[in-house]
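Please look over the sequence and the model first.

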Amino acid sequence: MPPRKRSLSSQQDEPEMEDLLKDVEQLPQLRASLLDWYDANHRVLPWRRNPHSRLPPSALAAAAAAGFHPAPEGLPLDETIYRTWVCEVMSQQTQVARVAEYFGRWVARWPRVADLAAADQDAVNEAWAGLGYYRRARYLLDGARHVARECAGAFPRTAAGLLAVPGVGPYTAAAIASTACGEPVPVLDGNVVRVLTRLLARAGDPAAMAPRLTAAAAALLDPGRPGDFNQAMMELGATVCVPGTAPRCDACPLAGRCAALRRQREHWGEAGPTPGGPGPRVTDYPTKVEKAARREVEVAVAVLEVRPCCGTGPGMQAFSPAYLLVKRPEKGLLAGLWQFPLAELEGGGEESAANQQRAVDSLLAGLLPGLFDESKESTAPKVVSRRALGEVVHIFSHIRMTIRAEHVLVAASAAQLEDWKRGSGRSSECPECQWLEQEALDAKGLSSSVQKVLKLYKSAAKEKRQSITRFFAAKTE
């Protein structure tokens with residue numbers, strides 16, 4: 001029979017989670033079990049080194065073949081702190097394999113905090129392009145400049161001191177201080193929350209439970225190896241005590257002390273839960289909290305290309321096709337990043353489709369003075385063609401954005417293009433603009449949403465070239 005559901009009052013009378021941990025008679029054995037598992041099973045990652053590692057040579061060889069090597073030995077402490085900080089910021093909301101790829105390029109370009117502090121925001125944004133949550137890149141640059149200017153280039157050595165670095169919150173501070181500096185402070189991320197709530201079978205909103213979970217993590221922490229222990233907790237949550245429907249309880253070093261697993265087995269037996277059947281499960285924890293629905297946004301985006309117009313005379317020199325990018329505001333979504341001209345559409349569905357050209361024209365008229373002037377001069381800029389590229393959907397943490405893209409081809413003189421590059425006649429309220437040739441556009445670090453639009457454009461251009469080729473091939477048959 002399923003265990004009787006406890007009343008709310010009985011749940012409130014339960015001892016605090018950290019008290020339960022302190023009452024575990026074999027707490028040293030629990031710590032030792034986890035660390036022993038970690039030493040024998042940890043992943044090889046470029047920002048950490050485990051001096052107690054017992055990975056077999058075959059595992060090290062497999063990791064090396066996949067491009068994964070441990071952090072170099074003998075690094076100065078500030079470089080170790082720097083590398084730990086970078087990886088922790090990159091790892092937020094991002095898969096480890098992807099982080100490792102970016103981390104290698106990042107530390108090759110900026111190996112020390114002083115190198116990063118000397119970088120400019122555009123270079124940092126481009127190096128970050130594709131990782132998402134771009135505010136993190138700004139935090140890294142602001143933090144590096146703070147350490148260089150306010151701390152004489154030396155990182156604080158404690159979690160409390162690290163909190164003074166811009167963008168460093170409690171989790172990041174604890175992760176750096178424990179891993180790089182050996183301070184016995186617990187970490188609490190999504191993986192640790194999952195391990196603790198299952199280990200103790202504690203339901204409730206994880207955000208509301210954060211103080212108690214942090215206290216539980218502190219009680220469990222191994223004081224002799226705090227950094228490795230925190231890494232082990234996170235590693236366990238990432239590789240064994242995973243979310244979803246298939247945690248690997250048979251491989252868990254804490255299975256014998258896991259309250260959630262004990263309840264599951266008392267009800268279901270060793271065979272495990274029946275799909276869809278009622279009864280306690282390990283995966284009941286942590287409690288799932290319904291997220292607010294993402295806001296729906298529709299935008300029109302123009303891939304604007306300028307080519308030389310026909311004619312002779314001053315300013316009629318040939319030039320390579322140029323593409324327009326504009327810089328987003330320094331605050332808000334994708335702050336300070338470059339994108340194709342974009343206008344938010346007020347209506348939805350058919351209404352937004354009808355208003356798309358009007359919205360784009362209004363935007364371009366401000367960015368490119370004279371584009372829509374009714375001049376009959378051969379050298380006047382003109383919209384030669386516009387072609388719908390289709391639409392893509394991009395998901396942000398709180399927004400679902402539908403992007404309706406089009407290619408706008410403009411013919412203009414070299415003199416007119418230079419005027420546009422200088423910003424002649426443009427309002428001071430207009431965003432900063434940048435003109436790139438195709439090769440530079442392809443090489444520029446752009447956000448994932450902009451890359452999606454660029455992919456639409458390239459696909460349409462390729463299809464057009466193939467259509468032309470097929471047309472002339474048919475004529476010669």
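The sections below cover confidence in the model and then its salt bridges.

## Confidence in the model

This is a predicted model. The average pLDDT of the chain is 87, and 88% of the residues score at least 70. Residues 1-15 have a pLDDT below 50. In the model, this stretch has 11 contacts beyond near neighbours in sequence. Where pLDDT is low, the predicted coordinates should not be read in detail.

## Salt bridges: Arg157 and Asp78

The structure contains 23 salt bridges. One of them joins the side chains of Arg157 and Asp78, at 2.9 Å from N to O.

How accessible are the two partners? Arg157 is partly exposed, its relative accessible area being 35%. Asp78 is also partly exposed, with a relative accessible area of 22%. Buried means under 20%, so Asp78 at 22% does not count as buried.

## Salt bridges: Glu432 and Lys327

A salt bridge also links the side chains of Glu432 and Lys327, with an N to O distance of 4.0 Å. This pair connects distant parts of the chain, 105 residues apart. Glu432 sits in the loop between helix H17 (414-422) and strand S7 (433-436), and Lys327 is in strand S2 (residues 322-327).

Glu432 is partly exposed, with a relative accessible area of 47%, whereas Lys327 is buried, with a value of 16%.

## Salt bridges: Glu391 and Arg404

Which residue forms a salt bridge with Glu391? The partner is Arg404, and the closest N and O atoms are 2.3 Å apart. Because Glu391 lies in strand S5 (residues 382-395) and Arg404 in strand S6 (residues 399-412), the pair ties together parts that are 13 residues apart in sequence.

Glu391 counts as partly exposed, at 44% relative accessibility. Arg404, in contrast, is buried, with a relative accessible area of 14%.

How values were computed: Residues numbered from 1 in each chain as written. Predicted model: local features only at pLDDT ≥ 70, side-chain atom pairs only at ≥ 80, totals over all residues. Heavy atoms only, no water. Buried < 20%, exposed > 50% of the residue type's maximum accessible area, 1.4 Å probe, protein only. Helix = DSSP H or I, 4+ residues; strand = E, 2+ residues; numbered from the N terminus. pLDDT = per-residue confidence, 0-100. Contact = heavy atoms within 4.5 Å.
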